[in-house]
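The stops below are given in the order in which they may be selected.

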Amino acid sequence: MAPPPRMLLLGAGLSGGLLALALAELGVEVELAGGSLADSATGWSYGGVPWWAGAANPLGELLATAPRRWDQLQQRHGELGLRPAKLWLHWPEQAPPQAVAKVQQALAGLPQQPELTALSAHEAIEQEPLLAGADLGGVMQLPYWRVDPLAFQQGLERAWAAAGVQRCAPLPADELRQRLEQGEAVVLCSGAATLALLKAMGLQTPSALDFSWAGVGQCDGAQLAAERIVMPLLGQRSGRETAASGAAVICDPGLAPAPGGGLLVGQTSWFDRPIDDPPPVDEDLEQLSGVQSRLVPSLIESSHGPLRLQQQPVAYSRDQQPLLGPLPGCPNLSLFTGFGGPFALVPALTPLMAQALVTNDWSQIKGLGLLCR
Ligand SMILES: Cc1cc2nc3c(=O)[nH]c(=O)nc-3n(C[C@H](O)[C@H](O)[C@H](O)COP(=O)(O)OP(=O)(O)OC[C@H]3O[C@@H](n4cnc5c(N)ncnc54)[C@H](O)[C@@H]3O)c2cc1C
């Protein structure tokens, strides 16, 4: 009998973690290299599942299956931290009404037709007392799901052990090069580190792949009144990601439950910085303190203490399509990275990615326009 196929996955975050389980289910012997989720974008993510965000095309339809996919994953592997939630998209009092109306129209036209509820500033503060005193013009509420990163990590570790996934330490580029030269099949699920790894091995880097440094402020003791994520209706991050150039740093005023409890305040995104040089702590904290004073001023006066900064690099794709499959010119090295809205995309795409890796038939991934380029 032929031995089971073997694969080495680099990166034990959301993408590597779920791909490892999907491959193990197909009978692949999986070695998963990487450290703790606390050292990844996944570990500090808001964890929101934007299942309704896709266009009217096959990828959008796949994205809409995300809540069902998470549910199936939990039925198979046990608790993975999925919680029903709401997304609140807020705008400040002085926001240009035409800009607000334009986004509201776009939301009303989403092909998945999520239920939209408009809340006045007064109604929002009544439901969410943390927002008392905030610069708030109003809120649009959408249905959402959230994955708590701490519960996700605990669930993944149990699931990997049960599925026989072998864990090992992060792999340096020279060791990775040796393993590739020995003909091993490798998948990079290494998020923002992917570009540096490819460069260190002298390999071609996909032009669409990039990363930013994210900063969030952690506030212990404070809690949102319900399972919800608060984000700006006129957020800047995705526009900046697709622009060829622009501000070196942007700050989107948001609130989310912190992993395992507490509150995350704001999200900065720093562009065009090296992977080994996180943004200056003082400047990052200054941006996030600005969010705190505009969105949750009550916390400044209370005794919750100063914000603690968490910084993580996050991969994205400049054309907003993730990169899946063999790196051109290097058939035994595949990528699984560059996601926008990965908490919806990754669980929906992992079965297809795992199947393609096992059969070497990439037609479905190509049909979705996601083949590595
Ligand atoms: C503040 C914040 C809020 C966010 N909110 C949302 C949200 O609401 N919804 C959403 O969908 N997305 C959100 N995101 C984005 C999302 O969290 C990330 O895009 C996603 O978690 C990336 O997952 P990943 O597994 O691809 O990469 P990562 O989570 O970055 O994991 C990559 C892993 O690879 C490891 N690695 C690197 N080099 C090596 C090596 N040589 N060997 C082994 N391992 C290696 C890294 O250490 C890391 O652990 C948010 C991100 C941040 C920072």
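Begin by selecting helix 3 (residues 66-77) and helix 12 (residues 342-359). Helices (H or I, at least four residues) and strands (E, at least two) are DSSP runs, numbered from the N terminus. The two helices pack at an angle of about 65 degrees, with their axes 9 Å apart; helix 3 and helix 12 are therefore roughly perpendicular to each other. Axes are lines fitted to C-alpha atoms, for helices over the stretch in contact, and angles run from 0 to 180 degrees between N-to-C directions. Angles under 35 degrees count as roughly parallel, over 145 as roughly antiparallel, 65 to 115 as roughly perpendicular and the rest as oblique.

This is a predicted model, in which local features need pLDDT of at least 70 and side-chain atom pairs count only at pLDDT 80 or more, while totals for chains, interfaces and linings use all residues. Residues are numbered from 1 along each chain as its sequence is written, and side-chain values use heavy atoms, with hydrogens and water left out.

The crossing of helix 3 and helix 12 is left-handed (the near helix is turned anticlockwise from the far one by less than a right angle; clockwise would be right-handed). To display the contact (heavy atoms within 4.5 Å), show Ala66, Arg69, Trp70 and Leu73 of helix 3 together with Phe343, Ala344, Pro347, Ala348, Thr350 and Pro351 of helix 12. These residues divide into 8 nonpolar, 1 polar and 1 charged. Here Ala, Val, Leu, Ile, Met, Phe, Trp, Tyr, Cys and Pro count as nonpolar, Asp, Glu, Lys and Arg as charged, and the others, Gly among them, as polar.

Arg76 is partly exposed, with a relative accessible area of 45% (buried means under 20%, exposed over 50%, partly exposed in between, with a 1.4 Å probe and protein chains only). The C-alpha atom of Ala159, 83 residues apart along the chain, is separated from that of Arg76 by 8.9 Å.

Next, select Glu241 in helix 9 (residues 237-242). Glu241 counts as buried at 10% relative accessibility. Beyond its neighbours within four places in sequence, Glu241 is in contact with Phe271, Tyr316 and Arg318.

Two loop residues follow. Most residues other than glycine have a negative phi. Asp272, however, has a positive phi near 60 degrees; it is in the loop between strand 11 (263-270) and helix 10 (281-295) and is exposed at 66%. Gln320 has a positive phi of about 65 degrees and lies in the loop between strand 12 (308-317) and strand 13 (323-327).

Finally, select Cys189, which is buried at 5%. The closest cysteine sulfur, in Cys372, is 12 Å away, too far for a bond. The count comes to 0 disulfides (pairs of cysteine sulfur atoms within 2.5 Å).
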